[in-house]
Amino acid sequence: MTTENADIEARAVVIASGAFQMPRIPAISSAFSPEVRQLTATSYRNPSQVPAGTVLVAGDGATGRQIALELAATHKVLLATGRSRRVTPERVLGRSVFWWLDHLGVLRASRNTRIGRRMMAGDPFPGRGLALPRLRKAGVAVMPRLAAGHGKTVRFADGGVADIGAVVWATGYRDDSDWVGMPAAKGPDGDFVESRGVSPVPGLYFVGRSWQWTRGSALLTGVDADAAYVTAQITRTLVDHHASSQRT
Ligand SMILES: Cc1cc2nc3c(=O)[nH]c(=O)nc-3n(C[C@H](O)[C@H](O)[C@H](O)COP(=O)(O)OP(=O)(O)OC[C@H]3O[C@@H](n4cnc5c(N)ncnc54)[C@H](O)[C@@H]3O)c2cc1C
């Protein structure tokens, strides 16, 4: 492993470089004319960055919906939506919804359990003000999935078309994995490959990835269990390695 200051040899390496590293931008983006201002959820700061006229916000997770709502005060906003998402209240009986999810065990239900699978499929997020009817009321045009783009024109999954002057990509994140020179550590899209934090590359581990094991895997509430599991795997591997080297 090479750092800015030294080369380090290690039997085990844990990559904890974060679950939300680089904006995931769909290939459609390259079909737009240079006149279309393209921003991401990372580069977007406020509506003054967006030229007057129609702006497409692509992606209706919590981030896309918040940006669409903010832009609706000053721009004509189209929001391209993906799969249907559930929106929960932020607080229930005076407590954060995450407090309840943690105490009811939902944040710690593994991706292999029924409740874990339901959480993954529904992918709910808190913020009643972000429900689609509220956005429509604020003037946001809620559109189906973005299907294609060409020049300044976008086409949606229902065949509807519109001309836009800007787009904000709020379509999720991908791994920054260029610095890891082990092809087996990555899938075809460059994202890291792991199973419960264990890479197919011997000695390589991960902590803090989205849904690494539970909904809590990439949250402060929940990462501890994954860290304990990965630590146990590393310890076991190193002990086994030590025992076999003693025998030979
Ligand atoms: C919009 C948003 C809202 C969120 N809200 C919450 C919330 O309310 N509660 C909550 O618990 N979580 C929330 N999260 C998740 C939050 O990101 C994680 O809980 C927490 O930051 C994870 O910590 P981490 O150390 O795993 O990763 P990070 O905080 O992302 O830290 C990773 C670090 O690794 C560094 N790094 C990357 N590559 C390298 C490299 N090659 N070499 C050295 N260092 C490197 C990065 O610079 C960074 O400092 C939110 C995330 C987002 C995007």
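This is a predicted model: local features need pLDDT of at least 70, side-chain atom pairs count only at pLDDT 80 or more; totals for chains, interfaces and linings use all residues.
**View 1. Nine residues are listed around the ligand: Ala16, Ser17, Gly18, Phe20, Gln21, Trp179, Ala218, Leu219 and Leu220**. Sorted by class, this shell comprises six nonpolar and three polar residues, and no charged residue is present. On its own the ligand has 970 Å² of accessible area, and the protein covers 38% of that area.

**View 2. The protein chain is assigned two domains, each built from two segments**. The C-alpha centres of domain 1 and domain 2 are separated by 34 Å. Four residues from domain 1 and four residues from domain 2 take part in the contact.

**View 3. Domain 1 and domain 2 bury about 310 Å² between them**. Carbon and sulfur atoms account for 47% of this area. On the side of domain 1, Phe20, Asp189 and Asp191 provide 87% of the area buried against domain 2, a share that exceeds that of any other three residues. Phe20 also belongs to the residues around the ligand.

**View 4. Arg24 and Asp191 form a salt bridge through their side chains**. The N to O distance in this pair is 2.5 Å. The count of salt bridges between domain 1 and domain 2 is one. Across the same interface, one residue pair is found in polar contact, with both residues at pLDDT 80 or more. The side of domain 1 that touches domain 2 consists of two nonpolar and two charged residues, with no polar residue.

Technical notes: Residues are numbered from 1 along each chain as its sequence is written. Side-chain values use heavy atoms; hydrogens and water are left out. Domain bounds come from an automatic or database domain assignment. Contact means heavy atoms within 4.5 Å. Buried area is the accessible area (1.4 Å probe) that two parts lose on being put together, summed over both. A salt bridge is a side-chain nitrogen of Lys or Arg within 4 Å of a carboxyl oxygen of Asp or Glu. A polar contact is a pair of N or O atoms within 3.5 Å; within protein, one must be able to donate a hydrogen and the other to accept it, and residues adjacent in sequence count only if both atoms are side-chain atoms. Ala, Val, Leu, Ile, Met, Phe, Trp, Tyr, Cys and Pro count as nonpolar, Asp, Glu, Lys and Arg as charged, and the others, Gly among them, as polar. A residue is near a molecule or strand if one of its heavy atoms lies within 4 Å of it. Accessible areas come from the Shrake-Rupley method with a 1.4 Å probe; for residues, only the protein chains shown count as cover.
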